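Please keep the sequence and the three-dimensional view at hand while reading.

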Amino acid sequence: MSLEKFINQAISSWMNEDGPDSDIVLSSRIRLARNIQDYKFPTIFSHDEAKMIIVKMEEIINKGEITKFGQLELLKMDELQPLQKRVLMEKHLISPNLAEDSSHGACILTENEEVSIMLNEEDHIRIQCLFPGLQLTEALEAAGEIDDWLEEHVQYAFHEDFGYLTSCPTNVGTGLRASVMMHLPGLVLTQQINSIIPAINQLGLVVRGIYGEGSEALGNIFQISNQMTLGKSEEDITEDIKSVVSQLIAQERSAREALVKTSNIQLEDRVFRSYGILSNSRIIETKEAARCLSDVRLGIDIGYFKNMSRSILNELMILTQPGFLQQYAGGPLRPHERDIRRAALIRERLRMEKEKEE
């Protein structure tokens with residue numbers, strides 16, 4: 001399969017579509033945690049009880065009543081190969097937990113993969129909407145529509161005082177996790193990020209890496225999300241995050257301007273050295289690739305590369321992950337082989353971009 005065809009089949013819409021402030025904000029995600037009344041929570045339910053949840057959800061989607069989001073497809077985790085589950089995780093469509101402990105789990109996807117509904121992860125139902133750029137409000141509206149549709153068919157576990165009941169106490173209330181994925185190289189290079197992260201934490205938000213809790217901020221990509229869901233409405237939580245993200249956007253743009261003004265030749269050298277590494281390397285590890293891709297994306301945003309698409313970072317940060325590399329290769333690869341494949345894929349993708357420019 002050609003790389004172009006593989007990319008077209010593999011990437012989700014948020015990876016190659018622009019949205020508001022998409023020079024800094026890669027994506028916005030809303031996730032709603034729900035449990036069905038009179039069923040044991042996933043932390044204590046049996047395998048048979050888990051299967052009953054999946055059967056119930058399968059019956060609901062087969063009715064085909066919600067058409068706005070397109071065709072829905074249910075994927076049972078125990079019917080997928082480990083590599084297939086890893087790819088779904090790398091595309092942010094399922095969590096690492098569901099990919100690793102999947103004997104009871106399933107996932108419902110829309111065709112454009114903007115909507116993902118995880119079943120029997122930490123909760124019975126986790127509705128996720130993923131949009132490009134800063135579109136938290138739009139993602140919340142979409143998640144709300146799906147939530148309302150499901151509630152017509154199942155009765156959620158709900159308490160008048162506490163709100164939606166969830167396996168983890170920090171999700172009780174709205175059950176909402178709102179997160180924004182941001183590319184912040186300016187704040188990293190000017191070392192402002194070290195003071196900003198503690199300040200964000202004091203506001204009741206949390207800063208994580210590209211794959212959420214416990215993951216690294218590869219390629220200067222950070223996720224900003226809420227910690228608590230009790231005591232505030234869904235709209236208030238979303239507005240709080242949008243307010244902080246808007247300030248981060250302004251600070252990142254200011255940091256980039258300062259770098260261009262005070263260290264332009266050093267910054268230009270860094271960007272083009274990284275481009276040279278990506279264009280010519282025969283072996284490259286994940287961390288080095290992420291760092292160089294971040295530099296090149298910054299160069300695109302600043303204007304060093306006039307006609308190169310900024311979606312290249314979104315694409316390659318996903319396509320160069322281990323699962324995708326092995327899927328493109330058609331089978332398992334040892335770590336060293338993945339590093340070789342990663343370098344070859346990046347070279348080919350940059351060559352395709354250069355041909356477009358010409």
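## The loop residue Gln135

Gln135 is located in the loop between strand E5 and helix H6. The model discussed here is predicted. Is Gln135 buried or exposed? Its relative accessibility is 15%, and because buried means under 20%, Gln135 counts as buried.

When neighbours within four places in sequence are left aside, Gln135 is in contact with Gly19, Pro20 and Ser28.

## Helix H6

Helix H6 covers residues 136-151. Its 16 residues, at 1.5 Å a residue, should span 22 Å, and the C-alpha atoms at its ends are 22 Å apart, which agrees with that expectation.

The buried residues of H6 are Leu136, Ala139, Leu140, Ala142, Ala143, Ile146, Asp147, Trp149 and Leu150. H6 is also one of the elements against which the buried residues of helix H3 pack.

## Helix H3 and its two faces

Helix H3 comprises residues 47-62, 16 residues in total. At 1.5 Å a residue, a span of 22 Å should result; the end C-alpha atoms of H3 are 23 Å apart, which agrees. The buried residues of H3 are Ala50, Ile53, Ile54, Met57, Ile60 and Ile61. Around the axis they cover an arc of only 120°, so they lie on the same side of H3. The exposed residues Asp48 and Asn62 are carried by the face of H3 turned away from its buried side.

Which elements do the buried residues of H3 pack against? They pack against strand E2 (72-76), strand E3 (106-110), strand E4 (115-119), strand E5 (125-132) and helix H6 (136-151). Just after H3, Gly64 takes a positive phi of about 60°.

## The loop between E1 and H3

Asp38 lies in the loop between strand E1 (25-34) and H3. Its phi is near 75°, a positive value in a residue other than glycine. Asp38 counts as exposed because its relative accessibility is 75%, where exposed means over 50%.

Lys40 is placed in the loop between E1 and H3. With a relative accessible area of 45%, Lys40 is partly exposed. Leaving aside neighbours within four places in sequence, Lys40 is in contact with Phe45, Glu49 and His124. The C-alpha atoms of Lys40 and Ser167 are separated by 9.9 Å, although these residues are 127 residues apart along the chain.

Asn220 has a phi near 60°, a positive value in a residue other than glycine. Its place is in the loop between strand E9 (205-208) and strand E10 (221-226). The relative accessible area of Asn220 is 15%, so this residue is buried.

Ile196 belongs to helix H8, which is formed by residues 193-202. Ile196 is buried, with a relative accessible area of 10%. Which residues does Ile196 contact, leaving aside its neighbours within four places in sequence? The contacts are with Leu187, Leu248 and Gln251. Of these, Leu248 is 52 residues from Ile196 along the chain, and the C-alpha atoms of the two are separated by 8.8 Å.

## Enclosed cavities

Rolling a probe the size of a water molecule over the atoms shows where empty space is left. In this model, there are two cavities of 30 Å³ or more. The largest cavity holds about 50 Å³ of space.

The largest cavity is lined by Trp14, Glu17, Asp18, Ser22, Leu26, Pro132, Gly133, Arg297, Arg310, Ser311 and Asn314. By class, this lining has three nonpolar, four polar and four charged residues.

## The second largest pocket

The second largest pocket contains about 210 Å³ of space. It is lined by 11 residues, of which the closest to its centre are Val87, Leu88, Lys91, Glu113 and Gln327. Helix H1 (3-10), helix H4 (82-90) and helix H12 (322-329) are the elements that give two or more residues to this lining.

Which element provides the largest share of the lining of the second largest pocket? The largest share, three residues, comes from H4. The lining of the second largest pocket divides into six nonpolar, three polar and two charged residues.

Definitions and conventions
Residues are numbered from 1 along each chain as its sequence is written. This is a predicted model: local features need pLDDT of at least 70, side-chain atom pairs count only at pLDDT 80 or more; totals for chains, interfaces and linings use all residues. Side-chain values use heavy atoms; hydrogens and water are left out. On a 1 Å grid over the protein atoms alone, a cavity is a set of points where a 1.4 Å probe fits but cannot get out, and a pocket is an open set with protein on both sides within 12 Å along at least five of seven lines; lining residues have an atom within 4 Å of a point. Grid points are joined across faces, edges and corners, and a volume is the space filled by probe spheres set on the points. Ala, Val, Leu, Ile, Met, Phe, Trp, Tyr, Cys and Pro count as nonpolar, Asp, Glu, Lys and Arg as charged, and the others, Gly among them, as polar. Helices (H or I, at least four residues) and strands (E, at least two) are DSSP runs, numbered from the N terminus. The expected span of a helix is 1.5 Å times one less than its number of residues. Buried means under 20% relative accessible area, exposed over 50%, partly exposed in between (1.4 Å probe, protein chains only). The arc is that of the directions from the helix axis to the C-beta atoms. Contact means heavy atoms within 4.5 Å.
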